[in-house]
Amino acid sequence: MGNFAIQFLISNIFISIIIGILFAARRILKRCLTSRMQYNLWFFMFGCMAVPFLPAVPAPFLQFFTWLKRLRNTPVSSLETVSKDRVSLIHTDTSGWMNDFGETVSQNIPSSAGLLLFALWAAGVTGMILYLLKSALSLHALKKSSLPLQNPAIHRLYQNCCKEMHITKDIPVYSSAYLKSPVIAGFLKPCIYLPIHSISDDPVKDIRFMLLHELTHYRYKDCLVNYFMNAACTLYWFNPFVWLALKEMKSDREIACDTSVLKMLDAGSYAAYGTALINFAEKISHPPFPFASGISGNMAQMRKRIVNIAAFEKDSIQKPSFRKTFYGLSAYALTAVILSVFLPLLSIRASSQSRYAFPEYGKTVTYPDLSASFGSRTGSFVLYDAENDTWQIYNKNQALTRITPVSTYKIYSALFALEEGMISPEQTFMKWNGRHYVYDEWNAGQTLASAMKNSVTWYFQTFDLQAGFPAIRNFLQKTGYGSQTAEGDLSSYWADSSLVISPVEQVEMLVKFYYNLFDFAPENIDAVKDAIYLDTKGGSSIYGKTGTGAENGRNTLGWFVGYVKQDGHTYFFATNIQDDETATGSMAADLTFSILSELNIWQT
């Protein structure tokens, strides 16, 4: 919740920028847009405001903005701090060939500021909901106290207005003593409410103007738009730019509605229509309900509407020219393209936990049910048979969700070091840095094989610190590893959710690695393959790497990725498990062995 609140606040910064763009677009393109087009331009804003509450918006260029997500969290610790609990994988009949040491990585927890912001936002939303409920009850009371229209002459006038506008739906008309101006309310069951004093005192032509105006609101479904406006006010109650935009949108809507009515009138009635608006302005009558649309408004809105009527009368333009329509549609398209750039920045899920768009078309994919094997643990399993070109994916949603790779990234860290010439296949030894670690195996000089077997973090950190972020990012982009992002701390970007990857992508990376689709030096690929070799049994050889992530001293994330070579077949796999306390790489490995055994790929 704290993460949501801070990221939502960041999204509001970009929403405010988008509103500014819309204001600028309205001003710049004013001559190109009709009044209706100018009003419809605001619907882009509704689409943008919905994005933070939708699933992730995929965008490759999102990596340029990943620094924003760091505002959401407060780090618990750095990668240099390791858990004092040693987690060793001791598999049946293969003890000693792979160790999995749990590490307390830089996991993030919601800051107290985030929780406070969420509480304030939720309180405001609650207050707005209560206000809307009160308004809905008042509207219901108005309907109960109103009387069906009894005046025969006004009723005939109303029927003529419906025929003129080609409206066949029966829209009830009521008279009320509690209104100063007419309104229309209700989307599924719309009703028009007229003030009693207007029916008895106003000229027939003014009443006709009222009816045409309210029926125009019905034609363009403005009552439905009111619901969108109320939702925006509720969710974005704290954003003054949203309130300003909605106020301007209401003004544009009334101008568009006035223009539609003017198109149905003869030129001699323009002034009379404007005079009717001035009479309502003198009463300073506002629509009393947020769910209703009416002909009246505040003084500032009335001035704009009168100016629009004067311009309409001066130009005597009944239909926009083809050129104006073409320019308007072009302006719409250009605005949509500009605003689409901001959509990924508004998506809370896109910045916190993005998803991989797996192209399934043309692939043979099955979805086995492995829930019994996973038990209460959340996770996924992905298997790819290279020879048969078939996929098996358990828990597709989780298999496409990107998370931190932790120590499984060391496969590619080793490949990076070899390609950069920091080590060579013949010389991989690195002298111990002298720092004391809780794992005895870490307190000694390491080769690539020993560092991979014992998951010696300082060995791989040395490569990153020596190379720097520019070289690392180039490597990530060249290989296409996961999100291809590396930010923050050089020693922990692959363990603190700066770099994330999905289980499906883990398998795809292993395929590219195995067949050297990177076009790296073959001897470097072979050196890493040798380093991740685990065991051979019954004609099958298995290669892989585990990874464990811990948060607040509890093991919450377990990875096991690799491949099995068996009888001319190569099977690539990735298993991920998540739990509140007991998810480790060793458990992910045990689970993998069990599944592979059932598939007759590996013998336990």
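Which residue follows α17 with a positive phi? The answer is in point 3, after the overall picture.

1. **Overall make-up.** This is a predicted model. The protein chain holds 23 helices and 16 strands. Of its 604 residues, 54% count as buried. Take the contacts between residues at least 6 apart in sequence: 73% of them join residues at least 24 apart.

2. **Nonpolar cores.** The largest nonpolar core has 68 residues. Within this core, Y409, Y412, Y459, I472, V504, F513 and F572 touch the most other members. In soluble globular proteins, nonpolar side chains tend to be buried together. V504 deserves a look in the viewer. Beyond four places in sequence, V504 touches Y356, F358, V382, W391, I393, A399 and L400.

3. **Helix α17 and what follows.** Helix α17 spans residues 410-419 and is mostly covered. Nine of its 10 residues are buried. These are K410, I411, Y412, S413, A414, L415, F416, A417 and L418. The list includes a lysine, K410, and a serine, S413. Y412 is also one of the residues that touch the most other members of the largest core. After α17 comes G421, and its phi is positive, near 80 degrees. That settles the opening question: the residue is G421.

4. **F520, in a loop.** F520 sits in the loop between α21 (503-514) and α22 (522-531). Is F520 buried or exposed? Its relative accessibility is 5%, and the cut-off for buried is under 20%, so F520 counts as buried. Leaving out neighbours within four places in sequence, F520 contacts L415, E419, F475, K478, T479 and I525. Two of these contacts, L415 and E419, fall in the residue range of α17. F520 and F416 are 104 residues apart in sequence, yet their C-alpha atoms are 9.9 Å apart in space.

5. **α5 against α7.** Helix α5 covers residues 152-164 and helix α7 covers residues 204-219. Their axes come within 10 Å and cross at roughly 45 degrees. The two helices are therefore oblique to each other. The crossing of α5 past α7 is right-handed. On the α5 side, I154, L157, Y158, C161, C162 and E164 make the contact. On the α7 side, the residues are V204, I207, R208, L211, L212 and L215. By class, this contact has 10 nonpolar, no polar and two charged residues.

6. **α8 against α9.** Helix α8 (residues 222-235) packs on α9 at an angle of about 170 degrees, with the axes 10 Å apart. That angle makes α8 roughly antiparallel to α9. The crossing of α8 past α9 is left-handed. From α8, the contact uses D222, V225, N226, M229, A232 and C233. From α9, it uses V242, W243, L246, M249, K250 and R253. The classes here are eight nonpolar, one polar and three charged.

7. E248 is found in helix α9, residues 240-262. At 14% relative accessibility, under the 20% cut-off, E248 counts as buried. Which residues does E248 touch, not counting those up to four places away in sequence? They are F23, R26, W42 and K304.

Note on methods:
Residues are numbered from 1 along each chain as its sequence is written. This is a predicted model: local features need pLDDT of at least 70, side-chain atom pairs count only at pLDDT 80 or more; totals for chains, interfaces and linings use all residues. Side-chain values use heavy atoms; hydrogens and water are left out. A nonpolar core is a set of buried Ala, Val, Leu, Ile, Met, Phe, Trp, Tyr and Cys residues joined through side-chain atoms within 4.5 Å. Buried means under 20% relative accessible area, exposed over 50%, partly exposed in between (1.4 Å probe, protein chains only). Contact means heavy atoms within 4.5 Å. Axes are lines fitted to C-alpha atoms, for helices over the stretch in contact, and angles run from 0 to 180 degrees between N-to-C directions. Helices (H or I, at least four residues) and strands (E, at least two) are DSSP runs, numbered from the N terminus. Angles under 35 degrees count as roughly parallel, over 145 as roughly antiparallel, 65 to 115 as roughly perpendicular and the rest as oblique. A crossing is left-handed if the near helix is turned anticlockwise from the far one by less than a right angle, and right-handed if clockwise. Ala, Val, Leu, Ile, Met, Phe, Trp, Tyr, Cys and Pro count as nonpolar, Asp, Glu, Lys and Arg as charged, and the others, Gly among them, as polar.
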